[in-house]
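Open the structure in your viewer and have the selection tool ready. The tour makes a few stops.

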Amino acid sequence: MGGYRLSLNNITFLVLVGLLCSGIGLQSGFAQTTFVFSHNEDASYASIVPADHQLVETDGSGVYSLFAPALTSQLPPEVNIDAVDLLIGDRVVFSLSEDAEIGGTIYADEDLLLWDGASISLFWDGSANGLPAEVNVDAVDIISESPLVFSFSLEEDALLPGVGLIADEDVVRFVAGSGFLASLDFDGSAQGVSPEVDLNAFSRDTDTLWILSFDSATVINSTLYDDGDLLQFDSAGGTFSLYFDANAQSIPEEVELNAMSFFAPTPTPTPTPTPTPTPTPTPTPTPTPTPYWELVGTCDTFEGSTDGWTFTGLSANTADASYTGASSSYDNHKLGIATDDTTNKFGFWSGAADIPASTSNLYKFVWTLSTNQADSLKVPTIRFRVLPSDFSYSIAMTMQSANASSNPFMPTSTNEDYNMYVLPLSTANMFPNFDVYDFTHSGSSADSGEVYLDELCVYRMDVPSTGWTSISTPAFNTWSALTSIPPYHSVTSGTSGGLQLTSSVSESFAFGFWVSPNVTDMTADTLYRVVFTVSTSATSPPNGMFRVASQDYQVSYRLRYYPGTAPDSDGEDYPVYFETHNFVTGEAGFNLNYEIADFENTQGGTITLSTVTVESHPVIP
């Protein structure tokens, strides 16, 4: 896998490491990493003369250069960049040391601004989201753009809604839709930081290793650190160590580092919240740690190469139709698949099988799509698939416009993110597939156009163990069996011990399924989990598939098992995870499908669905 879009710490400040083992400059034991920073005053060192509103780039070798001069040239020279984080796509989020007018617009020092490579705009309005107008944001660390989640620190103590009084040495988290979180990301006083100093730079290196800087020299745990130093804080052990000695790297002693951001992609942190000191003698319980996504490897951005993805335009005859290959394209930053007015076109791009899998982790695949088809009802059907290298199961998400009067779920010319959830059934490495086809239309109404994959990022976390709410499921006597579906061979159904489907070992291409009534109307910002429990006594059972489909079938999510992950007589749980999407309004309810397909004539037997559970959980940023 290759950078990240949603968790945008991938380019956040770190400091070069492993440079000198003599105790000067960067401390030993870390990988050298390029970063940018700003400081509190004009300075001169290593043949550059940066102003306090400019950003400096270095790789830790003592060589420095100005970063993004086109950005800083638009800033008034009297203001300072005092918070910065770099985002994928050469974008920069930053904050100013004071209110300033830029391009005819006045921005406040509690705002976050965005540089998109050409112009500056408002990224986050601090006062509109509850920050007092007199405070100044002076450190920022973006965790996710959609939904927006970030950590930040303030230049002075302040009262925040839902949090209370926070100090200028603390780090707070903001979550779009929830506001400020009461549990601090970093509680300075609880970690021995003097209330006389201000934390003015903050960035995560790993889940538990964070990089900090303060506005003046300070003693922490009997060790003196200068205001030009970067400190590494181990949140797991609660210990500090010197990470970067600015003076030893030619930066003048009087200069204070007051904003920083890494270039190198780093995992989305899973911080353990530090207990907030209780203001009264009555003890309060330690908050339950909130789960967070960790980036797996780096995102595939297709900049300069296909990142190892390969295309297949499938031409094949099957039981129900003949398919011809769709065409592909690559234009230096995205993968394309095109269909035309000819029905039954199919093609797919496959990534490398380099995504490590754990059966105790939930994975989120964030697919970024666009299309050149302006009519949402003619966008070809899109399918995302994730398969293991041993092909023992597959998990898919499908979007289609067939028989729809409208479909706001389909992509447009503007990049849109689609979240797909995967709980692996084995530890074999996983690989992604991006499919496009137009199986459902013919003639002049055929789907046509090109769909583009602009980026794929993969995240993981431990499966959340709390926060789930049970949802009632339709009783089995309300489900319907569809056992004869031409041109496939029929299967038989039964209700002994649950919902049964049986196929014969003498027939290939047998197919049938049970389908439930509507379960519930989906609500916004919700993650759902549907667990199907099935069993069989067959030695070579047919393949099974569990599908959750929106009531209009425009969106569906499915899990299919093959030999290697098939159930046995003791039963097996098969979970399907999916979420509602904020850009879809009035999303329909969903129904449940349990299917078998014995595409080999050596397969056969009875599969029994004994239970189904449905649960919901707030979407995890």
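Select Cys 457 to begin; Cys 457 is buried, with a relative accessible area of 1%. The model is a predicted one. Show the strand around this residue: Cys 457 sits in strand 35, residues 449–462.

A search of the whole structure finds one disulfide.

Now turn the view to look along the S-S bond. The torsion about the bond between Cys 299 and Cys 457 is about 115 degrees, so this disulfide is right-handed. The pair links distant parts of the chain, 158 residues apart. Cys 299 lies in the loop between strand 23 (294–295) and strand 24 (310–313).

Is Cys 299 buried or exposed? Cys 299 counts as buried because its relative accessibility is 2%, under the 20% cut-off.

**Stop two: a serine in strand 1**

Move to Ser 38. Strand 1, residues 35–39, contains Ser 38. Ser 38 has a relative accessible area of 0%, so it is buried.

Next, select Asn 258. The side chains of Ser 38 and Asn 258 make a polar contact at 3.0 Å.

What else is in contact with Ser 38, leaving aside its neighbours within four places in sequence? Select Gln 54 and Leu 55, then Asn 80 and Ile 81. Finish with Glu 256, Leu 257 and Ala 259, which also contact Ser 38, as does Asn 258.

Conventions: Residues are numbered from 1 along each chain as its sequence is written. This is a predicted model: local features need pLDDT of at least 70, side-chain atom pairs count only at pLDDT 80 or more; totals for chains, interfaces and linings use all residues. Side-chain values use heavy atoms; hydrogens and water are left out. Helices (H or I, at least four residues) and strands (E, at least two) are DSSP runs, numbered from the N terminus. Buried means under 20% relative accessible area, exposed over 50%, partly exposed in between (1.4 Å probe, protein chains only). A polar contact is a pair of N or O atoms within 3.5 Å; within protein, one must be able to donate a hydrogen and the other to accept it, and residues adjacent in sequence count only if both atoms are side-chain atoms. Contact means heavy atoms within 4.5 Å. A disulfide is a pair of cysteine sulfur atoms within 2.5 Å.
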